[in-house]
Amino acid sequence: MKKFFIRAASVLLSAALIFNASFGAAEKKTASAEAGAVTFVNFPESVNGGEPIRGVDVSSIISVEKSGVRFYDDRGREEDIFKILHDHGVNYIRVRIWNEPNDGSGHSYGGGNTDLDTAAEIARRASKYGMKMLVDIHYSDFWADPEKQTRPKYWAQHSHEVLKGEIYKWTTWVVKVIDEAGGNIGMVQVGNETSCFFCGEKDMYKICDLFASANKAIRDYDRNILIAHHFANPSNADHYLWYAKVMNECKLDYDVFATSYYPYWHGTTENMTSVLKNIANTYNKYVMVAETAYPYTNEDGDGFGNTISSYSKGVDLNYDISVEGQTKALTDVFQAVADVGEKGLGVFYWEPAWIGEYNVSQQKQRENWEKYGSGWATAYASGYDKNATETGGSSFDNQALFDFSGHPLSSLDVFNNVYPKKQPPVKYETAYIGDLNKDGRINVYDLCLLKRVCFAEKPSRMIPKGLCDLNADSEITTADIVLMQQYLFGRIGSFPAGIKTELPV
Ligand code: CA
């Protein structure tokens, strides 16, 4: 994520407030197409249980919920957002972690208060629905992107060697805390949109040395965790190839070359596929999109101007700004990663639930941002980040996958349309043929049930056919009733179909 907030605060705030209505189609460039399924062919079985990553970054969610935002399922019932995401096919949760996102006196910088405790809470909640974690460590006290990679304030004066040691210790601590909170860590991302700038360092060779320290901490903790490095803009193809080349020269031990891909900033999907494919094949690395998003509306839900709208200049709005356009954009990003081939892992959507409290005054919105840290920055952030001169809310609520009242948009269904899906293994139980009520014996009660099944009375649909088809002719008829009667009178000791069968639980 880059350049979101300055632009939002200084340029678009007034526009968003004034033009809080629908716009014409003048700048719409592409008619939306019916969203199609995306299949990752030959996806590696060793990654994510053989399923492509269908991920979202919901780092702000705890502060958003504290601000009074509620979320709803497709039927309009209030529900835990992690369950809603899971039910829509999301299988991976990304969370950013800042070292000390506060002024040292208990005042949050905002941006979701995404410290380690907050991340652990998100991991705990995601694990309830079996979703894996991508732990995105920024190695900063606040937003890290291509333009700012400010060192944590307590590390500011460290030499390179001391910094390396701190990075090792911090990385180990982060992974341990998330793990022990019950998080299922599938991947750790070392640095956010680093692009030759990381933790205050701008020398790529020294950056690789710092990366190596973090990577060793992860390998020492658990060799099954994938290690990712993350870069910002694949339209700079030469830069990308150079980053990958230097990391290779430095013999950096990592697994995933990750990129942001915002369609309005980062070139074509074809170029992104080409760049990632080149790196994947040259250096034998996995690749993925760690952040993407696209607007579905020009409206603003929280009174804090949005980064992208029809009025944005110098950007590529190649899809409708509509739910259909957003759906197509996200589908195309998944397809672009799938087109890389078997090294393409998947996509994370950035902050799909970063919305404000619904239908409250501007004053109340501002109170929420300051009190709960649910906006991009509080008044205390400027003490650390010189760019954070204006406080505010979400510049991204028009790119969410939920509407301003917390109901899922149909674009959230894209995740359910990405394949392959691996069903959980089916469990079986042993059952006895003829024991229709499964009470461990065959008696007159089973005969009564069998007659009801045979004559299509309730509760026939609830009794597995395999328990009723005593002569194994694939039908339930009076012949089976006769066999049951013969069994109960002691004339036969078993049925032609046998004694036991296995039924799915
Ligand atoms: Ca907004």
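T292 is buried, at a relative accessible area of 2% (buried, under 20% relative accessible area; exposed, over 50%; partly exposed, in between; 1.4 Å probe, protein chains only). The residue lies in the loop between β8 and α9 (323-338). Helices (H or I, at least four residues) and strands (E, at least two) are DSSP runs, numbered from the N terminus. The model is predicted: local features need pLDDT of at least 70, side-chain atom pairs count only at pLDDT 80 or more, and totals for chains, interfaces and linings use all residues. Residues are numbered from 1 along each chain as its sequence is written, and side-chain values use heavy atoms, with hydrogens and water left out.

Contact means heavy atoms within 4.5 Å. V347 is buried, with a relative accessible area of 1%. Beyond four places in sequence, V347 contacts I53, R54, G55, V289, T292, L330, V333, F334 and V337. F334 is 13 residues from V347 along the chain, and their C-alpha atoms are separated by 6.2 Å.

H229 sits in strand β6 (residues 226-231). With residues up to four places away in sequence not counted, H229 touches V190, F211, N215, M247, L252, Y254, V256, F257 and A258. The C-alpha atoms of H229 and V188 are 8.7 Å apart, at a spacing of 41 residues along the chain.

Helix α6 (residues 204-221) packs with helix α7 (residues 237-249): the axes come within 10 Å and cross at roughly 60°. Axes are lines fitted to C-alpha atoms, for helices over the stretch in contact, and angles run from 0 to 180 degrees between N-to-C directions. The two helices are therefore oblique to each other. Angles under 35 degrees count as roughly parallel, over 145 as roughly antiparallel, 65 to 115 as roughly perpendicular and the rest as oblique. The crossing of α6 and α7 is right-handed (near helix turned clockwise from the far one by less than a right angle; left-handed if anticlockwise). From α6, the contact uses M204, Y205, C208 and F211; from α7, it uses W242, Y243, V246, M247 and E249. These residues divide into 8 nonpolar, no polar and 1 charged. Ala, Val, Leu, Ile, Met, Phe, Trp, Tyr, Cys and Pro count as nonpolar, Asp, Glu, Lys and Arg as charged, and the others, Gly among them, as polar.

Helix α11 (residues 444-454) and helix α13 (residues 478-488) form another packed pair. Their axes are 10 Å apart, at an angle of about 175°. α11 and α13 are therefore roughly antiparallel to each other. V444, D446, L447, L450, K451 and C454 of α11 meet T478, D480, I481, M484, Q485 and L488 of α13. The contact residues comprise 7 nonpolar, 2 polar and 3 charged.

The calcium ion is coordinated by D300 (OD), D302 (OD), F304 (O), N306 (OD1), S394 (O), D397 (OD) and D397 (OD), at 2.3 to 3.1 Å. Donors are N, O and S atoms within 2.8 Å of the metal (3.2 Å for Na, K and Ca); water is not among the atoms, so sites may look incomplete. Along the sequence, the donor residues follow the spacing D-x1-D-x1-F-x1-N-x87-S-x2-D. F304 and N306 are both buried.

Backbone geometry was examined at several loop positions. A cis peptide bond joins Y419 and P420, with omega about 5°. P420 falls in the loop between β10 (418-419) and β11 (428-432). N284, not a glycine, has a positive phi near 55°. Its loop runs between α8 (269-283) and β8 (286-291). N284 is exposed, at 54% relative accessibility. S474, also not a glycine, has a positive phi of about 70°. S474 lies in the loop between α12 (465-468) and α13.

Overall, the protein chain has 13 helices and 12 strands. Its C-alpha atoms fill a box of roughly 90 × 55 × 45 Å along the principal axes. Of its 505 residues, 55% are buried. Among contacts with a separation of 6 or more, 77% join residues 24 or more positions apart.
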